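Good morning, colleagues. Please turn to the sequence and the structure on the screen, and I shall take you through them.

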Amino acid sequence: MNRFTSVLVGLLLATALTFGADKASGQSAREAIAAANKEFEAAHLRGDAAALSAQYTENAQLLWEDREIISGRKNIEAEWRKDMGGPGRKAKLTTLEVEQHGDWAFETGKFLVTAPDGKVIYDGKYICIWKREKGEWKIHRDIGNKNTPA
């Protein structure tokens, strides 16, 4: 192997080993999204719309069924406040797939929202487009729809 080939192989190997890792924490996109989803579930249970909206980029968009596009973190916080209806509802997110491409990741999953008594309010599926900003993964586009009526 000549010197050029050795250097090229070394660079490719280094890139492959670090491609899925977060620059700041060493976490892969999948790990970071799993941690963010746990935070999301806890904030939802508390009825904390501000904590939920903090997971979005400043110019994020919600693309939910039966609604116009909701743009920007402040509007997203207001929408979550209306949607949650206060503390006590439990949200369970189940990630089915995460695919990362540099500073972008695409997540598909399912959600289940239940009342404090355990009654199912609704279930559905989602796609989130995540964007890494300043070493943190944030939701840039949130697309979801329900399987059952509210």
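I begin with serine 53, which has a relative accessibility of 3% and therefore counts as buried, the cut-off being under 20%. Please bear in mind that this is a predicted model. Serine 53 belongs to helix H3, residues 49-53. Which residues does serine 53 contact, once its neighbours within four places in sequence are left aside? They are Arg73, Ile76 and Glu77.

I turn now to the sheet. It is open and has six strands, in the order S2-S1-S6-S5-S4-S3, with mixed pairing. Strand S2 (70-71) and strand S3 (90-101) are at the edges; each has a single partner strand, so one side of each lacks a neighbour in the sheet.

Helix H2, residues 29-46, packs on this sheet and touches S3, strand S4 (104-114), strand S5 (120-133) and S6. The direction of H2 makes about 160° with that of S3. Helix H4, residues 73-84, also packs on the sheet, where it touches S1, S2, S5 and S6. The direction of H4 makes about 45° with that of S1.

Let us consider the pairing of S1 in detail. Strand S1 (residues 56-64) runs parallel to strand S6 (residues 136-146), and five bridges join the two. Leucine 62 stands opposite aspartate 142 in S6, and tryptophan 64 has glycine 144 of S6 as its bridge partner.

With S2, S1 pairs in the antiparallel sense, over two bridges. Here leucine 62 stands opposite isoleucine 70. The hairpin of S1 and S2 has five residues between the strands, and in this hairpin aspartate 66 adopts a positive phi near 60°.

Conventions:
Residues numbered from 1 in each chain as written. Predicted model: local features only at pLDDT ≥ 70, side-chain atom pairs only at ≥ 80, totals over all residues. Heavy atoms only, no water. Pairing = 2+ DSSP bridges. Helix = DSSP H or I, 4+ residues; strand = E, 2+ residues; numbered from the N terminus. Contact = heavy atoms within 4.5 Å. Axes fitted to C-alpha atoms, helices over the stretch in contact; angles between N-to-C directions. Buried < 20%, exposed > 50% of the residue type's maximum accessible area, 1.4 Å probe, protein only.
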